[in-house]
Amino acid sequence: MKNFTYYRPLSLEAAVALLDTRWGTTELLAGGTDLLDLQKEYIAQPDKVVSLTFIQDPVFTRIEVPQILPGTKPTVSIGAAVKIADIAEHAELKHLFPALTDAAAQVGGPQIRNMGTLGGNLCQRNRCWYFRDEHVLCLLKGGRRCFAADGENRYHAIFTKGHPCVIVHPSTLAPALIALGASVEVLGPNGKRTIELSKFFQAPTKPDQREHVLAPNEIVVRVLIPVEGLRNASYEVRHKQSYDWPLAQAAVAFRLIGGKATDVRIVLGHVAPTPHVATEAQKVVEGQTITRELAEKAGEAATAGAVPLSQNAYKVHLVKVAVKRALLLASGAQPDWVI
Amino acid sequence: MAEIKWPEKRRLIGTKVPRVDGPDKATGRARYSQDINRPGMLHALILRSPYAHCRIKSLDLSEAQKAPGVRAIVTVGQINYTAGKKEGMPGWEFPVSVTDVGRELFYHGDEILAIAADTEEHARDALRLVKIEFEELPFIVKEETALRRRQGPSTVPGKDASNVLAGGSRTEGDPDGAKKAAEVLVRGTYGVPVITHCCLETHGLVAEWESPRSLTIWCTTQAVPATANQLQNFLAGHGITCNVRCITHHMGGGYGSKFGPDIQGYLAAVLAWLAKAPVKLFLERDEEHLAAGNRPSATATVTIGGSHDGTITVFEATTYGTPGVGRAAGVNIGILPYVYDVRNVRISTDIVRLNHGAARAMRAPAHPQNCFITECAVDDFANAAGLDPMEVRLKNLPQNDPAAVKNTPTSFLALRNTIYTDEIRIAAELSQWKKKWHPPGKGPTKGPWKHGIGMALHTWGGAGRADNDVFVTISSDGSVVVQCSTQDLGTGERTVLAIVVAEVLGLDPKDLTVVIGESQIGRSTGSGGSTTAPGTAPAALVAAINARDELFRKVAPKLGMKPENLVLEPNKITDKASGKSFTWRQFCARLGMDTVRGQGNWIPGLSNLGVGGVQVAEVWVDTETGVVRLEKIVAVQDCGMVINKLACESQVAGGVIMGINLAMFEEMIVDEQTGRMVNPDFEFYKLGGMLDMPEIIVHMHDMPERGVIGIGEPPTISTAAAIGNAICNALGVRVPRTPFSPDRVLAALHAKK
């Protein structure tokens, strides 16, 4: 690991003031579950590491669930420094947003969940094994090509059109939060701004880009989730049940009015460089009663536009199953795949 | 001296005895080699080849030498340097321009040099200051590519023309005739990839020179005296005559990959010599995957045939596998077909050498691969014949050898049919085979899940070895010290010695002090081939009996008694003549200033070799996602006379877990563009966690009349084959290759449609 100067500011403003205007020279440290690995592997070689762990601001560190009264449009606020384990175990969140808490409960292992934070989960770097190998000069490290495109790509993207770098975005909380209509409050040198989470992620193609649209001197303060009475669920297919990344994930949310699903959101994880909104699948479900047949059709539609790589066509199939199961879960159907 | 036999009535042997060092391990008091820190100790790290094949064009150490904290640098070229050496002049006194420039490196991870510095961080910084120019050379990292380029040229070490070597062939009977005559004939391809040992304690050591004539190493090794000897010989080759002492009090796994000092042992010893300070050098996880050994892959195209009644008449297999840059691959044609008695056989194998780390022995070398190749084919044959594969197994077992029955009635040859038949029956009962087995693809379903059950058999040697010395010392305070230079690579060896000695002396195993893992104690053999318990337990028995007899001889006259009248019972020594009795301590107190020392060496007649073993796997497969859930594994295992039932059961469960990982998760993945392993970690080199483990039911098939036989290796052999057969039973289609990940299961399912 390259030597660095360690800062531990006591306020968000002080933290922002320490940040640089370009990527790479300064890194934020929260749970450390990603940054430390990146530094040990010399993928990140910051001069400054700014720890966020001494910031006590409740907006940043707490989960706030307002009283939910009929006729109001309350918003849940989850601070960026909240541990993933605390999201997974939060009773009210479990009730309101099972898509989020189920996804949180399956992140990494207990150690990762107890250290990792919501902000870190959204801002983490991708897990591509070429990107994470210092000796491989891939697009994201200033090289001329993506090695996964023609190489070992079983875990990479299947939505590859227009993407010279075929990473998958590693967050499983993001698809759930996007489906729930969440937004992100960020703080920069010019104050706060709010970004819809569906517009928060981008597909990076070069070293001076991250997997999100934040400026290098911005910090995620909290995530805001509107309480809209949406039914929601997340389903992920994993090789291992313990400590593994999903092979494919679907998060869904919709309003059920008179037995029909409206305002349908279907977001896929681990299949594209960003969380992938499956618009074709949303159209299939919109205004319909969710049956097994419809859920299957939506699963088919969710794969529209998929162009898998040499080793990951199986993920196209997994998307269909994940979408189907997430829709059935959210609709309240008895899951027949749980044994 | 009367013939030494195991006691007829056994108070401790064969019972469940908690590990004597369990509390030490659970509390962290046990010090593994990696826990050793010495005053003034330096930390060393190894620089490795970033390429799959390259040549060192130039090597400049000047900046690294000047880096903060750096105390010594030595290159692999220097420690290997012998050409044109002067007497008494170590290789490292030659410049790297002579010893290293032009040296060829053959895989990602191949060692270049090591640096010792005051801190690990300084060593790492210095490694990055080494200036090397490489000439990149052609490499092959995929077996299919090597087979396509069979004509060469070779990209691996040695003078062969090609990467593909003929690994031999064998024909018995008339396979072509038998194929023609076969009523049922099936053909299939089965394979397992290269996997690595994944020792939780990585390879390495602390090396400290007490004087130019004396080196102590705290090394994680499964061959304590051999490691000391090899290092001593290496140093002698460089003109340094010294005594090397190796200490391995506790170790975190070896699985066949830790038989000597290894290159890091030589590097650390030389660094410590050069720096005149103790040096610690342990591999990191990626180095462990890259360069500390692996299990060769195996792929076989098998034609198996026979009659409608389930008799297998022909087994033909064309196979290949890769040992990386090594030379011996995983298909041992001598043991194919595995276990079963087939008269018409044709086997051939190719050894496909690739530019990745070399294979090493790994828990039952060659057996899991050959078991998988054979047992999957046996099930496919049974399925094609419409028969219960358990019945097919029973029908094709080798018979008990009549000559052996007469001459060596406790040998495996004499008992093999009996052992397998008994074990299959027990496994069938424990797994409810008769109730749960169903024709392939026709079992119970739960939503998208389909149920399957599969069986596989295995065999192993596990003989005792000579050259194992055990010493038992009894003092006048009643304390007993048991010493052997052997190592406990996680198997419970300390407790084995404690049980045997305590059995003879009428004591509690907890009351003994067992000292192992120190080369100066005496002779012991490496823990390979499941030989440690059968090698040391007989020696411990002899030593304990000798110590007891010596105690009687020394004390009896002082009490006016005759040694032959003394009877030893738990904590009680009685004189038959007078009826007087003593507690152990009272009796030992009569030694006064004297002590008693009994020595024992391995003798024949107390151990044996050859075991069977049967495993049954029960699975559920999600036919939509390809996810496999393991429900239950039943493992029935014999190992002759069980010494510690608790440790044996634990060994079997551990073997099963290792087999589960081979079946479900593990695979070394090497990229053909860069020649680099892409998953040298525990993130994408997958190992199951607790949530991935099924219920594991272990049944020890105790056969005390056979004497002690090793248990370490056999229980990992058949797990993967049993799981593969269970998945086939669930789906009605064969998933030909491990790991049984969703993509492979789905590919097999979709190919069926």
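Domain bounds, as used in this tour, come from an automatic or database domain assignment. The structure on display is a predicted model.

**Stop 1: the two domains of chain A**

Select residues 57-226 of chain A, which the assignment gives as domain 1, and colour residues 231-331 separately as domain 2. The C-alpha centres of these two domains of chain A lie 18 Å apart. Across the boundary, 36 residues of domain 1 of chain A are in contact with 34 residues of domain 2 of chain A.

Next, highlight helices α6 (98-105) and α10 (173-179) of chain A, the elements that give two or more residues to the side of domain 1 that touches domain 2. The largest share of that side, 5 residues, is supplied by α10(A). Colouring this side of domain 1 of chain A by residue class shows 21 nonpolar, 11 polar and 4 charged residues.

**Stop 2: the two domains of chain B**

Proceed to chain B, where both assigned domains are made of two segments: select 22-30 together with 464-601 for domain 1, and 33-137 together with 198-291 for domain 2. Here the C-alpha centres of domain 1 and domain 2 of chain B lie 39 Å apart. Contacts between them join 16 residues of domain 1 of chain B to 18 residues of domain 2 of chain B. On the domain 1 side of this boundary in chain B, the residues divide into 2 nonpolar, 11 polar and 3 charged.

**Stop 3: where the chains meet**

Display both chains and select the residues in contact between them: 31 from chain B and 24 from chain A. The largest share of the chain B side, 4 residues, comes from α21(B). By class, this side of chain B has 14 nonpolar, 8 polar and 9 charged residues.

**Stop 4: the nonpolar cores**

Finally, select B:A44, B:I115, B:L271, B:V500 and B:V501, the residues with the most contacts inside the largest nonpolar core, which has 336 residues. Helix α17 (residues 532-555) of chain B gives the most to this core, with 13 residues. A separate core of 5 residues lies apart from it, and B:C199, B:Y255, B:A361 and B:M362 are among its members.

To end, centre the view on B:V500. Leaving aside residues up to four places away in sequence, B:V500 touches B:I13, B:A537, B:A540, B:L541, B:A544 and B:I643.

Conventions
Residues are numbered from 1 along each chain as its sequence is written. Chains are lettered from A and ligands numbered from 1 in the order in which they are written. This is a predicted model: local features need pLDDT of at least 70, side-chain atom pairs count only at pLDDT 80 or more; totals for chains, interfaces and linings use all residues. A nonpolar core is a set of buried Ala, Val, Leu, Ile, Met, Phe, Trp, Tyr and Cys residues joined through C-beta atoms within 7 Å. A residue is buried if 20 or more other C-beta atoms lie within 10 Å of its own, exposed if 12 or fewer, and partly exposed in between; C-beta atoms are placed from the backbone. Two residues are in contact if their C-beta atoms, placed from the backbone, lie within 7 Å. Ala, Val, Leu, Ile, Met, Phe, Trp, Tyr, Cys and Pro count as nonpolar, Asp, Glu, Lys and Arg as charged, and the others, Gly among them, as polar.
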